[in-house]
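Hello,

Here is the structure we spoke about. My notes on it follow below.

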Amino acid sequence: MFRSPAMRAALRLVTFESGGSRRIGAQVDKEVVDLAKSVGVTDMRSFLNLGSAGLKQAQDAVNSGKNRIALKDVTIKAPIDNPEKVICVGLNYVDHAIESNMAIPTEPVLFNKFASSIVGPNDVIVKPATTESLDFEAELAIVIGKGGRNISEADALQHVAGYTVAHDVSARDWQLKKPGGQWLSGKTFDTFCPLGPAIVTEVSNPSNLGIRCILNGTTVQNSNTNQFIFHPPKLIAYISAIVTLKPGDVILTGTPPGVGFGRNPPLYMKAGDKVTVEIDELGSITNTIVDEVRSSL
C-alpha cells in the first residue's frame, strides 16, 4: 500500500451522511470516526490526495477515541463518488470467458464507466426502460492511492489505497447487440456501479479473496480472486502504461462465472429483486432493483 510499514493497521474508510452533511470517516466496529476535523477535507478523493500524511492523520484520529458517531446514526454512501477514472477489466476469469463464448484474453480487456454510474452500498439500481437484459457481475475494485505512469508490477501494490466491493451492473442487449458492440453504453447507465461499504486499506491477499453474488437469497456467483487471469499488479502496470493513474481512480477487476446471460435460460434482474455482492474481508453491498420512471414532460 502507499504508506510505510509502520502504518500497516487496516482502516475501513467510508463516506457517510450525518446531520445534513456528507463527510469521510473510518468505521470501527459499530462506530464511525468523523475524520473531517482531523484531516481537513470532507471527500475521499481529496483525502487520498493527501497521501501517507493523510493516512497517518486518520490513524491518529482512530487511536484518539474521539469524534465517534454510532453507525446506526449515519448513512453509509459510496466510499468515493467522484474518481477521475473508473476503469473496468473484462473477461478476467477463464471460466467467465468460456461461458461468454469469448476467447481467453492474452492481455487485459479494458472498458470504462463514468462516475455518474456510482451509487452507494444500499442505494437502488434503476433498471432502464430500454433494457430487458439487466445482468449482475460481482467484482473486486482497486482504489488507487498514489498516482503514477508506467508503474512496474513490482511496485504496483505500493500505489493502492485499498479495495472495495463493486457491482458491474450490465445491460446485455446494449453491450452485445448494438452495432459494433457497445460495452460502454451497456455498462455505464446511471446507478450501474454500486460501491462500498468501505475502502479497506489492508487485506491478506487481494488475489485470494472469496467473492459471491446472491440474488434474492440464491447464490449465483461463488468464486475466488485466485482465479484471476491478470492479477492486480499486472492490471495496474498495464493500465498505467496507457494513462496516468490518479489518487481515487477505481479499477474494477472483472467478474467470475455464473452471470445471467451465460445461463440457459438466461437469468436477468427485474424490479423488486435484491442483489448482494460480498467479498471476504471487505464486506457486502445490497441493492434493490427498481424500474425507471420516465417523465412525460
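Where is the place of Thr188? The model is a predicted one, and in it Thr188 sits in the loop between helix H6 (183-187) and strand S14 (193-200). Its relative accessibility is 12%, under the 20% cut-off, so Thr188 counts as buried. A polar atom of the Thr188 side chain lies 2.7 Å from the backbone nitrogen of Phe114. Leaving aside residues up to four places away in sequence, Thr188 touches Lys113, Phe114 and Ser117.

Next, the cavity. A search of the whole structure finds one cavity of 30 Å³ or more. The largest cavity holds about 100 Å³ of space. It is lined by 18 residues, and those closest to its centre are His96, Glu137, Gln175, Trp183 and Lys187. Strand S6 (86-90), helix H5 (172-177) and H6 each give two or more residues to this lining. H5 gives the most, with three residues.

Last, helix H3 (residues 52-64). At 1.5 Å a residue, its 13 residues should span 18 Å, and the end C-alpha atoms are 18 Å apart, which agrees. Gly54, Leu55, Ala58, Gln59, Ala61 and Val62 are buried in H3. Seen down the axis of H3, these buried residues fall within an arc of 160 degrees, so they line one face of the helix. They pack against strands S1 (12-18), S2 (21-28), S3 (31-34) and S4 (68-70), and against helices H1 (36-39) and H2 (44-48). After H3 comes Gly65, with a positive phi near 75 degrees.

Regards

Technical notes
Residues are numbered from 1 along each chain as its sequence is written. This is a predicted model: local features need pLDDT of at least 70, side-chain atom pairs count only at pLDDT 80 or more; totals for chains, interfaces and linings use all residues. Side-chain values use heavy atoms; hydrogens and water are left out. Helices (H or I, at least four residues) and strands (E, at least two) are DSSP runs, numbered from the N terminus. The expected span of a helix is 1.5 Å times one less than its number of residues. Buried means under 20% relative accessible area, exposed over 50%, partly exposed in between (1.4 Å probe, protein chains only). The arc is that of the directions from the helix axis to the C-beta atoms. Contact means heavy atoms within 4.5 Å. A polar contact is a pair of N or O atoms within 3.5 Å; within protein, one must be able to donate a hydrogen and the other to accept it, and residues adjacent in sequence count only if both atoms are side-chain atoms. On a 1 Å grid over the protein atoms alone, a cavity is a set of points where a 1.4 Å probe fits but cannot get out, and a pocket is an open set with protein on both sides within 12 Å along at least five of seven lines; lining residues have an atom within 4 Å of a point. Grid points are joined across faces, edges and corners, and a volume is the space filled by probe spheres set on the points.
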